[in-house]
Amino acid sequence: TFTNKAASEMRGRVETLAPEFMERVRLTTFHSYAAEILQQYGSYVDVRPDFKILSDERDRLAVVKDAMNKLRKDLQIPLPYEFDERKVLGYITRMAEASIPIAESEGRLHGMNVPEYELVAKLYQEYHNILRSRNALDFRFLKC
């Protein structure tokens, strides 16, 4: 199911209606199930079992800010003063949820008429790089 509340309700129903099957039933959220699979088999996709999942928007915004700082400092790429990290996070989220590969991001952003699409594509790549370097996951990215 999608929520912890729904999983808890299902657990209660199974326990009431068929308690003898509780040990054979797996009742959890999709995200919890995916996290368990990644803990067991994540090494096949370069994810260590001690990964962190970024689900809070503040954590995701912090990664965007770090990506912006890296482009500003390390790569000597000037970012427009009005470049807003929330807008950038919105673009990153839309791209990740649509499973846009990083290699196609610039063209897709250009097609979406995103201002400064080249920079946003670089930030999309850097966001992904930072997640990998920190062994962090954003479930929106798992399909990319």
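Does arginine 134 count as buried, exposed or partly exposed, and at what relative accessibility? Arginine 134 counts as partly exposed, at 46% relative accessibility. Buried means under 20% relative accessible area, exposed means over 50%, and partly exposed is in between, with a 1.4 Å probe and protein chains only.

Before I go on, a word on what we are looking at. This is a predicted model, where local features need pLDDT of at least 70, side-chain atom pairs count only at pLDDT 80 or more, and totals for chains, interfaces and linings use all residues. Residues are numbered from 1 along each chain as its sequence is written, and side-chain values use heavy atoms, with hydrogens and water left out.

Back to arginine 134. It sits in the loop between α6 and β2. Helices (H or I, at least four residues) and strands (E, at least two) are DSSP runs, numbered from the N terminus. Arginine 134 touches Val63 and Asp66, leaving out residues up to four places away in sequence. Contact here means heavy atoms within 4.5 Å. Lysine 52 is 82 residues from arginine 134 in sequence, yet the C-alpha to C-alpha distance is 8.3 Å.

Asparagine 135 counts as buried, because its relative accessibility is 4%.

Now take asparagine 113. Its phi is also positive, near 60°, and again the residue is not glycine. You find asparagine 113 in the loop between α5 (105–111) and α6. This one is exposed, at 67% relative accessible area.

On to the helices. Helix α3 covers residues 57–73 and helix α6 covers residues 117–133. Their axes come within 9 Å and cross at roughly 115°. Axes are lines fitted to C-alpha atoms, for helices over the stretch in contact, and angles run from 0 to 180 degrees between N-to-C directions. On the α3 side, the contact residues include Val63, Val64, Ala67 and Leu71. On the α6 side, they include Leu123, Tyr127 and Ile130. The residues of this contact divide into 10 nonpolar, no polar and five charged. For that count, Ala, Val, Leu, Ile, Met, Phe, Trp, Tyr, Cys and Pro are nonpolar, Asp, Glu, Lys and Arg are charged, and the others, Gly among them, are polar.

Look at alanine 67 in helix α3. Alanine 67 is buried, with a relative accessible area of 1%. Setting aside neighbours within four places in sequence, it contacts Leu123, Glu126, Tyr127 and Ile130.

Helix α3 has another partner, α4. The axes of α3 and α4 come within 9 Å and cross at roughly 105°. So α3 is roughly perpendicular to α4. Angles under 35 degrees count as roughly parallel, over 145 as roughly antiparallel, 65 to 115 as roughly perpendicular, and the rest as oblique. This contact of α3 with α4 has six nonpolar residues, one polar and five charged.

Last, the core. Which residues of the largest nonpolar core touch the most other members? They are Phe83 and Tyr127, out of 29 residues. A nonpolar core is a set of buried Ala, Val, Leu, Ile, Met, Phe, Trp, Tyr and Cys residues joined through side-chain atoms within 4.5 Å. Helices α3, α4 (85–97) and α6 each supply at least two residues of this core. The largest share, eight residues, comes from α6. There is also a second, separate core of six residues, including Val47, Phe51, Leu137 and Phe139.
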